[in-house]
Amino acid sequence: MGRVIIINGSPRAPKSNSKAYSEIFRRYYEGNIDIFNITKNNHKDICLKLEEYTDILFVFPLYADGLPVTLLNFLKYLETNPPKNKPIINVIINCGFIEPEQNTVCIDMIKLFCKENEYIFGSVLSIGSGEAILNTPFKVMIRWKMKKLAKAIQNHKNEKLSVTMPLTKKMFIRASTSCWINYGKRNGITKEEMASMKIEQ
Ligand SMILES: Cc1cc2nc3c(=O)[nH]c(=O)nc-3n(C[C@H](O)[C@H](O)[C@H](O)COP(=O)(O)O)c2cc1C
């Protein structure tokens, strides 16, 4: 039976969408699963465990069209501290924009890491509208794809899956704009403040 280590690479791992996606995956995978959030201080602990697993599943968000620094730092450590038996590397990546293709370059970064460090790249689920989809009826689409991903990892098949909300870009922009404006309102921040650098202060 397979054994998967889920490694959450979100900088806000304990409250992240990546956490929610990991939990959904856990429901459908029929082997053993352990979940770890990457922190500044646990790279060594995680790397020492990797040998016990058949598969690694990195779950993380797209940040500025690339890997979040949390995951990048972990990969740098892993590069110099590899396990003797290398698990297969799989990925769930989610981005805020509606197009899952936004994630393509970032997935290629993980593939390059695998190539350069002699890991097998297994399966990937690329999620668009990742911040929103779980709060809509379309979350059922996430479940379908997650089931497929879990099966692929169990059977060591290479699947390239993607999913997003079936909306036009115009509808998505309208819905997400009003969602963020209301979110700001609830926190006492205006649309103008959100659009200015003051948001950083
Ligand atoms: C600093 C930052 C950079 C981001 N960059 C992108 C981006 O380049 N493209 C995109 O589609 N979403 C981007 N997002 C949105 C995240 O990918 C999205 O909110 C995701 O659901 C966060 O996942 P998490 O909760 O697992 O961290 C960014 C979010 C933040 C906070």
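In this short talk I will go through the overall build of this chain and then through a few of its residues.

Before the details, please keep in mind that this is a predicted model, in which local features need pLDDT of at least 70 and side-chain atom pairs count only at pLDDT 80 or more, while totals for chains, interfaces and linings use all residues. Residues are numbered from 1 along each chain as its sequence is written, and side-chain values use heavy atoms, with hydrogens and water left out.

Let me begin with the secondary structure, where helices (H or I, at least four residues) and strands (E, at least two) are DSSP runs numbered from the N terminus. The chain contains seven helices and six strands, and their order, starting at the N terminus, is β-α-β-α-β-α-β-α-β-α-β-α-α. The radius of gyration is 18 Å, close to the 17 Å that the globule rule gives for 201 residues, so the chain is as compact as a globular protein of that length; here the radius is taken over C-alpha atoms, and the rule is 2.2 Å times the number of residues to the power 0.38. Along the principal axes, the C-alpha atoms fill a box of roughly 55 × 35 × 25 Å.

How much of the chain is buried? Of its 201 residues, 44% count as buried, a word that means under 20% relative accessible area, with exposed standing for over 50% and partly exposed for what lies in between (1.4 Å probe, protein chains only). The chain exposes about 11600 Å², and carbon and sulfur atoms supply 54% of that area, as computed by the Shrake-Rupley method with a 1.4 Å probe, where for residues only the protein chains shown count as cover.

Turning to contacts, by which I mean heavy atoms within 4.5 Å, residues 24 or more positions apart account for 80% of the contacts in the chain with a separation of 6 or more. As for charge, the mean positions of the 29 positive and 19 negative charges are 6 Å apart. In that count Lys and Arg are positive and Asp and Glu negative, with His and the chain ends not counted, and the place of a charge is NZ of Lys, CZ of Arg, CG of Asp or CD of Glu.

Now to the aromatic rings. Rings of Phe, Tyr and Trp (its six-membered ring) pair if their centres lie within 6.5 Å, and planes under 30 degrees apart count as stacked, over 60 as edge-to-face and the rest as tilted. A search of the whole structure finds four such pairs. In one of them, phenylalanine 25 and tyrosine 29 have ring centres 5.6 Å apart and planes at 20°, so this pair is stacked, and both residues are buried. In another, tryptophan 180 and tyrosine 183 have ring centres 5.5 Å apart and planes at 75°, so that pair is edge-to-face. Both of these residues lie in helix α6 (residues 169-186), three residues apart, which is about one turn of the helix. Tryptophan 180 is partly exposed at 43% relative accessible area, and tyrosine 183 is partly exposed at 44%.

Next come two asparagines in strands. Asparagine 32 belongs to strand β2 (residues 32-37) and is partly exposed, at 43% relative accessible area. Leaving aside neighbours within four places in sequence, asparagine 32 touches Met1, Gly2, Arg3 and Val4. Asparagine 94, in strand β4 (residues 88-94), counts as buried at 6% relative accessibility, and its contacts beyond four places in sequence include Asn17, Tyr21, Phe60 and Ile127.

Which backbone angle deserves a look at alanine 64? Alanine 64 has a positive phi of about 45° although it is not a glycine; it sits in the loop between β3 (55-61) and α3 (69-80) and counts as exposed at 84% relative accessibility. Histidine 156 also has a positive phi, of about 50°, without being a glycine, and is found in the loop between α5 (139-154) and β6 (160-163), where it is partly exposed at 46%.

I will end with glycine 128, in the loop between β5 (121-127) and α5. Is this glycine buried or exposed? Glycine 128 is buried, with a relative accessible area of 0%. Its C-alpha atom is separated by 7.8 Å from that of serine 162, 34 residues apart along the chain, and among its contacts beyond four places in sequence are Cys95, Phe97, Pro100 and Val163.
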